[in-house]
Amino acid sequence: MSDDNLATAARQIEHAILNPDLRPVVKTFFDETTFTATHIAHDPVTQKAVIIDSVLDYDAASGRTQNTSAQQVLNYIQENGLTVEWQLETHAHADHLSAAVWLKEKLGGKIAIGENITHVQDAFGKIFNAEKNFSRDGSQFDKLFHDGETFSVGRLPAIALSVPGHTPADMVYIIGDAAFIGDTLFMPDYGTARADFPGGDARQLYRSIQRLLSLPDKTRVFLCHDYKTADRHDFMWETTIGDERNNIHVHKGISEDQFVTMRTNRDKTLSLPHLIMPSVQVNMRAGHLPEPEENGVSYIKIPINRM
């Protein structure tokens, strides 16, 4: 992430802070099953909207999907007369399946992710021995954002910033004064994302976080997940850059080497996400199920002794 791109993002945020009509309205739906926050951000003047990190309900025991979570999003969009321009993914999630395909069919909007999704597709395509015609060029998505690329949501300026570390393809989408940061950071009392998935890198994660923390203090920050803490009993998914500077894992005085040691040791103690097998296989395909086999049925693979 270049300094020029950060400077552009900071100017956009500062301008929106001074001009309330350039701040998006944000509505969040929280799925307690996967601890995932799906955000809807819209321009209050044009009613143009984006959906960020949607959830397709999946029952691992039966292999059945449902649209209960996504239906809540659809209802909100329709009840408020919003027009969806984008279905944004902050990364290829390992803990929930994306509902972007279903929501696009119902509401429209281009499905987008960071351009480094190609690295994720290559790594997990090999792990899951994906079908021969599985493309590893990101073409399943409508748009691949590069670092610093600008776009808009109605009248609202927006910019995409690359923040690798949790995965190679993690992106932050800044719309007006609001930053949707995926799994890079959690609430300040909870810490930071793991970095031990294929292509993850704790050192990259630290540097990505430091760039984020250089944004203006009043930047609104919207997270993808929350897991509560021993001292906090409510789920939370909104904070600020100013508050994140007191994050328990990366506050002032924590060096890069200290963070890498902490993150590496901590990651060794973590179990794989419950839904990593179906999630990655679907999300690396932009939310599409794997290609049906001869009998017309899609299958999720489970590699034995591989992960």
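Let's start with F145: at 1% relative accessibility, F145 counts as buried, where buried means under 20% relative accessible area with a 1.4 Å probe and protein chains only. Before I go on, this is a predicted model, where local features need pLDDT of at least 70, side-chain atom pairs count only at pLDDT 80 or more, and totals for chains, interfaces and linings use all residues. Residues are numbered from 1 along each chain as its sequence is written, and side-chain values use heavy atoms, with hydrogens and water left out.

So what does F145 pair with? F145 and F151 make a tilted aromatic pair, 4.8 Å centre to centre with 40 degrees between the planes. The rule is that rings of Phe, Tyr and Trp (its six-membered ring) pair if their centres lie within 6.5 Å; planes under 30 degrees apart are stacked, over 60 edge-to-face, and the rest tilted. F151 is buried too, at 12% relative accessible area. Its rings continue to Y173: the centres of F151 and Y173 are 6.4 Å apart and the planes sit at 85 degrees, so that pair is edge-to-face. F151 is in strand β9 (residues 149-153) and Y173 in strand β11 (residues 171-175), so the pair ties together parts 22 residues apart in sequence. Strands here are DSSP E runs of at least two residues, helices are H or I runs of at least four, and both are numbered from the N terminus. Y173 itself is buried, at 0%.

Elsewhere, ring pairs link F30, F35, F186, Y190, Y227, F235 and W237 into a cluster.

Now the sheet. Six strands form an open sheet in the order β1-β2-β3-β6-β7-β8, with mixed pairing; two strands pair if DSSP finds at least two bridges between them. β1 (25-31) and β8 (143-145) stand at the edges with a single partner strand each, so one side of each has no neighbour in the sheet. β1 runs antiparallel to β2 (residues 36-42), and seven bridges join them.

Last, helix α4 (residues 117-127). Which of its residues are buried? They are I117, V120, Q121, F124, G125 and I127. Looking down the axis of α4, they fall within an arc of 150 degrees, so they line one face of the helix; that arc is taken from the directions from the helix axis to the C-beta atoms.

Technical notes: Buried means under 20% relative accessible area, exposed over 50%, partly exposed in between (1.4 Å probe, protein chains only).
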